[in-house]
Amino acid sequence: MEEKQLTEKESLELIASMIARTKTRYLGSRKMLMWGYLVVITAISVWVLVASTHNLVWNWLWFAIPLIGFPTTSMMSHSQQRHRGATSYSDKVTSRLWTIFGISEIVLIIMCLGFYLLGETDCSGAILVYSILMTSGAEIAQGLIVRENCLIYGGIIGLLVGMITVCCIVGDIPLNVNWYMPLFILAWIVTMIIPGHILSNKEKQQ
Amino acid sequence: MKELNPLLHSQLRLAIMSILMNVEEADFVYLKEKTESTAGNLSVQLDKLSSAGYISVEKGMSGKRPRTICAVTKAGREAFEEYVEALRTYLNL
């Protein structure tokens, strides 16, 4: 592009053309898929190991999710920023939304560990409920911001599973591994993996 | 009839401003790619827009590589909006 004077009509055409060139939307499918598969693979591993050995020590495997997920997300964000070169307003809002959720999740995990180590009180159910409800809420918000229905519907199903979990915990219904784990895994597939693949296809089409 | 802002009424500067109006921030490589300009020309035009207070230019590092990030300022946004308004008047839109 040369540095030249334009007619009024050319100016307007140039503005429209530049706006069209920046229209490519980033939908964050890679991160969604990473978290979705990470949670599902961990959940299946815990389910199989606990069911086959009847040893609850395998529940410590849940910590693989934040230990792998958060550093991987951070690396993906840096590489994505370098690769894309531009950040839109909706990118910033959704990124901050998930950052707030991520930080609050870490704080909650530390709190629960503190309760367990200092007071021998097991409140691990809080991590489960919080992660499902907050993930679903953040996903619905992202869906509304980027106008993607698959995120909204996925988030609503996640919310329903979160509500069932809350009712079970409050009503003292044991979250038995044989019925709760398949439900939990299904919820993450519907909430993160399916919308992740839909968005990934849309990003490829762009 | 309002006069068109001469700083914006040039092809490359208007292209840069149009892109920056549509994103929160963009780096030098992105602007170069979207405007299909040369690095030297783009750099000169960014300096002009920055001197006028229309954009902010932040030079930093991304890993081991230097990265220049540009964003439109409040003054730049207002100037662009006025420019588009003036264009509409000229074209009777």
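**The cavity and its surroundings**

A: Two helices of chain A, H5 (124–146) and H7 (177–205), each supply at least two residues of the lining of the largest cavity. The model is a predicted one, in which local features need pLDDT of at least 70 and side-chain atom pairs count only at pLDDT 80 or more, while totals for chains, interfaces and linings use all residues; side-chain values use heavy atoms, with hydrogens and water left out. Residues are numbered from 1 along each chain as its sequence is written, and chains are lettered from A and ligands numbered from 1 in the order in which they are written.

A search of the whole structure finds 1 cavity of 30 Å³ or more. A cavity is a set of points on a 1 Å grid over the protein atoms alone where a 1.4 Å probe fits but cannot get out, and its lining residues have an atom within 4 Å of a point. The volume of the largest cavity is about 40 Å³, taken as the space filled by probe spheres set on the points, which are joined across faces, edges and corners. Its lining consists of A:Ile132, A:Thr135, A:Ser136, A:Gly158, A:Ala187, A:Trp188 and A:Thr191. By class these are 3 nonpolar, 4 polar and no charged residues. In this scheme Ala, Val, Leu, Ile, Met, Phe, Trp, Tyr, Cys and Pro are nonpolar, Asp, Glu, Lys and Arg are charged, and the others, Gly among them, are polar. Helices (H or I, at least four residues) and strands (E, at least two) are DSSP runs numbered from the N terminus.

Between helix H6 (149–170) and H7 of chain A runs a loop that holds A:Asp172. This residue is not a glycine, yet its phi is positive, at about 60°. Most residues other than glycine have a negative phi. A:Asp172 is also exposed, with a relative accessible area of 69%; exposed means over 50%, buried under 20%, and partly exposed in between (1.4 Å probe, protein chains only).

Next come the cysteines. The count over all chains is 0 disulfides, a disulfide being a pair of cysteine sulfur atoms within 2.5 Å. A:Cys167 is in none, and its nearest cysteine sulfur, that of A:Cys168, is 6.9 Å away. A:Cys167 counts as exposed at 54% relative accessibility. A:Cys168 is likewise in no disulfide, with the sulfur of A:Cys167 as its nearest at 6.9 Å, but at 7% relative accessibility A:Cys168 counts as buried.

Elsewhere in chain A, helix H3 (residues 64–84) has 21 residues that should span 30 Å at 1.5 Å a residue, and its end C-alpha atoms are 29 Å apart, which agrees. The expected span is 1.5 Å times one less than the number of residues. Buried in H3(A) are A:Ile65, A:Pro66, A:Gly69, A:Thr73, A:Met76 and A:Gln80. Seen down the axis, these buried residues fall within an arc of 110°, so they line one face of H3(A); the arc is that of the directions from the helix axis to the C-beta atoms. A:Leu67 and A:Met75, on the other side of H3(A), are exposed.

Chain B has 4 helices and 3 strands, in the order α-β-α-α-β-β-α along the sequence. Its C-alpha trace spans about 50 × 25 × 20 Å along its principal axes, and 51% of its 93 residues are buried.

Helix H1 of chain B (residues 11–22) is mostly covered, with 11 of its 12 residues buried, among them B:Leu14, B:Ile16 and B:Met21. The C-alpha atom of B:Met21 is separated by 12 Å from that of B:Ser56, 35 residues apart along the chain. B:Ser56 belongs to strand E2 (residues 55–62) of chain B and, at 35% relative accessibility, counts as partly exposed.

In the loop between helix H2 (28–35) and helix H3 (39–51) of chain B sits B:Glu36. Though not a glycine, B:Glu36 has a positive phi of about 55°, and at 54% relative accessibility it counts as exposed.

Helix H4 of chain B (residues 74–91) has 18 residues and reaches 26 Å from its first C-alpha to its last, close to the 26 Å expected. Its buried residues are B:Gly76, B:Ala79, B:Phe80, B:Tyr83, B:Val84, B:Ala86 and B:Leu87. They cover an arc of only 160° around the axis, which puts them on the same side of H4(B).

Definitions and conventions. 1 Å grid on protein atoms, 1.4 Å probe; cavity = no way out; pocket = protein on both sides within 12 Å on 5 of 7 lines; lining within 4 Å.
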